[in-house]
Each structure stands twice: as C-alpha cells, then as structure tokens.
Amino acid sequence: MSKLSGKVQTVLGLVDPDQLGRTMTHEHLTMSFECCYFPPSPGDEAVAENPFQMQHMYWLRQNQYSCHENLLLHQEVGAVREELLAYRKAGGGAIVENTTTGIERDMPTLKQLAKDTGVHIIAGAGYYVDCTHSETTRKTSVEKLTDIIISEVLHGADGTDIRCGVIGEIGTGWPITDSEKKVLKATAHAQAQLGCPVIIHPGRDPAAPAEVVRILQEAGGDIRKTVMSHLDRTIFDNGELLEFAKLGSYLEYDLFGVEMLNYSYNLSVDMPSDSQRVQALAFLVKEGYEDRIVIAHDIHTKNRLTKFGGHGYSHILKNIVPKMLRRGISQHQVDKILIDNPKEWLTFK
Ligand SMILES: [Zn+2]
C-alpha cells in the first residue's frame, strides 16, 4: 500500500501527481447506458429509431435517453480516440473515467486509449446504481464487496491486471436501496484501508448527497477525499448548497454541455444551462470553496461527441474557462479547479 502513497494510479501505472495537468474528474470513454433507457413520448418512436440525421439532432439533445442507439458509447472508440487527441491539443492532461460495474467498464480499451493518446486515464472501481447490481452483487456481504473493490485497485479489474485509481462512480438512487447502502459501506471500508479517492453518484433529491456522506462517514470513509458528483442537477438552492459544502466533500459540477428542457429522470428538475453552472461556480468561489470545486462533462451518450454534433471532451477548456474568467473567477482559481484540486483528490494518502 505504501507503494501507492503520494502517487496517482492510471491505467498505465503509477504517475507523479504533477504529471496530470488539467483534469476532468467525471467522464466516460466507453460504456453502455442501456440500463437507463427512457421510452420516447408517443409519436416520437420513428425519430428515436433513426436519430443521427441532421433534422433529428435537436430532438436527440432534448431526449438523449430515449434512443437505444445513443446509449451505446462503447461503439465509438475511434471517435473517442480522436476526441482525446483534441483534448490534449486543447491543453487537457488527464481524465477520470469512472465507469463502474453495471455499465460495462472496459479496462483493456481504456488502457489502449491512454497509450494511443497520451492522456492520463484513471479508471473507477466499484458498482453503479441498484438497477445494475447483479443477483450475485446483491447477495454479497459488505466484507466481500470491500475485498473486491480493494482488489480492483491493487491487482486489477474484470480479470485484467489493469488497476483502478479511484473508487466510483458509486451509484446511489433516492431513496438509497439496501444494496446501494452495502456498496457505500464497502466503499468506505476500502477507502479507509487504501487512502484512495472516492467519487459518488447521488440520487436526484436535494437531501441525497448529505445522506450519502452520513453513511460513508459512519463507515469510516474520508469525506475530504470524496467527490460528490452531479450537484448541478441535485441541489438548486444556494443556502442548501452551502449547508452541503460545509460537510467537506469535493463539490462537482459535471454536466457541462447538457442543456435540456425536460430531464426525463426527474421532471421536477430544471436542468441548469452552462451559464447557470458558471454562476454556481462563481458563487462557491465567492463563498471560499475554491479548494473544493471540480468540474467535468460526464459524457455518457453518443450525441455529446463532436462526431455527432456534440460539445466533446474539450468543451470546458475551450468554452467554459473563458466564461469563468469573464464572470470573476481568476486564472489562479481556474487552475485550482482544473489542476490542483483534482491532483490533491487523486493522490493516494
Ligand atoms: Zn457518470
């Protein structure tokens, strides 16, 4: 374990944390999101069958989960490789690829992409949300789940010798199910032993992130070394946001590039625009949380790749950073968010 201390573990091995550079802390390069298919509205079936035509692109952006084809990101390894080369050119250094068990993590492909592109890729250990847990996972004890997660970090995942460098994204819904609670406890136990970074996908309710933190903390997890993902679709009230921020996790805004009127999974949610995300970052910076913010795009569907008219993995570097600077976030603070905070988080204790 001491071997990992002070290092970051990528799919190509251990690296010095200073080598990472600008880092997106929540992305997917190859995965399937079939688990979360959402049937199209009546009358839209024909469009959903044939989505990648120019006249359907707006529909697809608004209904990205209502088309089977769009959920198969793993079919686009070639396009993703091109995207990663563009990401490097735009000044990107590293990507946390937090696809976990349940949404088709593919370690050999991640390793190949890292080799081909020179982007540091950090893979995720553990399990996604309840509906993707296998019967075996549901029956497995916390102790055994802990062993599996630790082994994915120390020895390799999915029968390979390619190692994960972070636990997560660990999937939870709302309310949190028994099986998800077990995985959260195993995550905390593994983190306590490894001193490693953890990243959580919370349920779509403002109370969900704090409840996850409570469970992790009770099981011995290190909240300062834990990222809470998807705050942009979870906590909308500034007062509630500050209450949550006090608990000490990293605060992740990771749906940059997603702008939609109706969020299929929770219609009561008003998905923010990128401008509103930047406003949230500026607010948190003003409140003194510049050391706790991390950002990403969480690309998990095909339509978000540039190949299909999407924003791609370089959107934050190319479009969001200039906007952050125009909204009063200093270059020094931008560098903290993109370089220093991910580095601190990803370094094993
Ligand atoms: Zn994700």
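What is the site of the zinc ion like, judged by the angles among its four donor atoms? It is irregular, with angles of 80 to 163°. Keep in mind that this is a predicted model.

Let me go through the donors. The protein supplies His26 and His28, each through NE2, together with Glu169 through OE and Asp298 through OD. These lie 2.0 to 2.5 Å from the zinc ion. Along the sequence, the spacing reads H-x1-H-x140-E-x128-D. His26 sits in strand E3, residues 22-27, and Glu169 in strand E6, residues 166-171, so this pair ties together parts that are 143 residues apart in sequence. His26 has 0% relative accessibility, so it counts as buried. Glu169 is buried too, with a relative accessible area of 2%.

Now to the UniProt record. Its unreviewed entry lists Glu169, His201 and His230 under "binding site". They are spread over 62 residues of sequence, yet they cluster in space, with a largest C-alpha distance of 10.8 Å. Glu169, His201 and His230 are also part of the lining of the largest cavity.

Beyond its neighbours within four places in sequence, Glu169 is in contact with residues including His26, His28, His201, His230 and Asp298. His201 is in strand E7, residues 198-201, and counts as buried at 4% relative accessibility. Among the residues His201 touches are Tyr128, Glu169, His230 and Arg233.

Last, the nonpolar cores. The largest has 98 residues, and Ile121, Tyr253, Ile295, Tyr313 and Met324 touch the most other members. Apart from it lies another core of 13 residues, including Val15, Val166, Ile199 and Leu346.

Methods
Residues numbered from 1 in each chain as written. Predicted model: local features only at pLDDT ≥ 70, side-chain atom pairs only at ≥ 80, totals over all residues. Heavy atoms only, no water. Core = buried A, V, L, I, M, F, W, Y, C linked by side-chain atoms within 4.5 Å. Buried < 20%, exposed > 50% of the residue type's maximum accessible area, 1.4 Å probe, protein only. Donors = N, O, S within 2.8 Å, 3.2 Å for Na, K, Ca; no water. Tetrahedral: all angles 85-135°; square planar, octahedral: opposite > 155°, others 65-115°. Helix = DSSP H or I, 4+ residues; strand = E, 2+ residues; numbered from the N terminus. UniProt positions renumbered as here; feature names shortened; annotations may be inferred. 1 Å grid on protein atoms, 1.4 Å probe; cavity = no way out; pocket = protein on both sides within 12 Å on 5 of 7 lines; lining within 4 Å. Contact = heavy atoms within 4.5 Å.
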